[in-house]
Amino acid sequence: MIEKTNWIDFDPSDKTPADRQFLLSQLVVPRPIAMVSTIGEDGVLNIAPMSYFLPITGSPMLVGVTMGLREDGEPKHTFLNSSHTGDFVINITTENLSEEIEIVAIESPHSVNEYELASWTPSESEKIKSPGITEARARLECEIREVVKLGETGVPFGEVNFVIAEVVWATYSEEIVNERGRIDPLLLEPIGRLGLRSFISAGEKAVFSLERISWDEYQSSLNSD
């Protein structure tokens, strides 16, 4: 029998939602980041990195993305936009996009175009309204098929919308294809989310860290320049 003297017990019933989410995000690693791009009802373009997503089936080609609440308790702009259009693009988060991850993660006002914040270029999609990111090495055009509401309503780190979407088109760069005609993860250089502010790359960078900043801090940094 294993001695428990060096083990730490975690009882979810006496922890806050943030504590529970924190534990999950520290142990369920690495997580593939969905860099989701959408367009709002007013035409404003939005990009947000969702900390994880998953493939569900190949027929139909379904993926699942969890979209929670903003820090102010309101739905994320990504969810509002995609609910309006019925679609979104998952841009695969790769090493060439890594330095801008926390820039587009800022909870900026709805009127802000995150493409401009990150200096990325919109790319017109083939089958859906939402644009992709030109700089992304691979893009999945997704149409929403079902939204499942989960968690404790109105509670940050509690309420989420589990969005199930069908990939209706995919496009990727020839640069990530090996001599056998297959996507090579080492050429793709995907970025995964670890705990705290840490990330991991399948490329040469391996593990690296990024600081989370607020919208006000970001604005102050621009003014100081």
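Which residues of helix H2 (residues 77–85) are buried? The legends below refer to a predicted model.

**View 1. Helix H2 and the strands that cover its buried residues.** In H2, the buried residues are His-77, Thr-78, Phe-79, Asn-81, Ser-82 and Thr-85. An α-helix has 3.6 residues a turn, so residues three or four places apart point the same way. The cover over the buried residues of H2 includes strands S2 (34–39), S3 (45–50), S5 (61–67), S6 (87–92), S9 (138–150) and S10 (160–172). H2 lies across these strands and runs at about 55° to S2. After H2 comes Gly-86, which has a positive phi near 80°.

**View 2. An open sheet of seven strands.** The strands follow the order S3-S2-S6-S9-S10-S5-S4, and their pairing is antiparallel. Because S3 and S4 stand at the edges, each with a single partner strand, one side of each has no neighbour in the sheet. On average, neighbouring strands of this sheet are turned by 35° against each other, direction ignored.

**View 3. The pairing of S5 with S10.** These two strands pair in the antiparallel sense over six bridges. Leu-62 stands opposite Glu-166 in S10.

**View 4. The second largest pocket, with a volume of about 430 Å³.** This pocket is lined by 25 residues, of which Phe-53, Ile-92, Ala-138, Leu-140 and Leu-188 are the closest to its centre. Two or more lining residues come from each of strand S1 (31–32), strand S4 (53–58), S5, S9, S10 and strand S11 (191–193). The lining comprises 19 nonpolar, four polar and two charged residues.

Key
Residues are numbered from 1 along each chain as its sequence is written. This is a predicted model: local features need pLDDT of at least 70, side-chain atom pairs count only at pLDDT 80 or more; totals for chains, interfaces and linings use all residues. Side-chain values use heavy atoms; hydrogens and water are left out. Buried means under 20% relative accessible area, exposed over 50%, partly exposed in between (1.4 Å probe, protein chains only). Helices (H or I, at least four residues) and strands (E, at least two) are DSSP runs, numbered from the N terminus. Contact means heavy atoms within 4.5 Å. On a 1 Å grid over the protein atoms alone, a cavity is a set of points where a 1.4 Å probe fits but cannot get out, and a pocket is an open set with protein on both sides within 12 Å along at least five of seven lines; lining residues have an atom within 4 Å of a point. Grid points are joined across faces, edges and corners, and a volume is the space filled by probe spheres set on the points. Ala, Val, Leu, Ile, Met, Phe, Trp, Tyr, Cys and Pro count as nonpolar, Asp, Glu, Lys and Arg as charged, and the others, Gly among them, as polar. Two strands pair if DSSP finds at least two bridges between them. Axes are lines fitted to C-alpha atoms, for helices over the stretch in contact, and angles run from 0 to 180 degrees between N-to-C directions.
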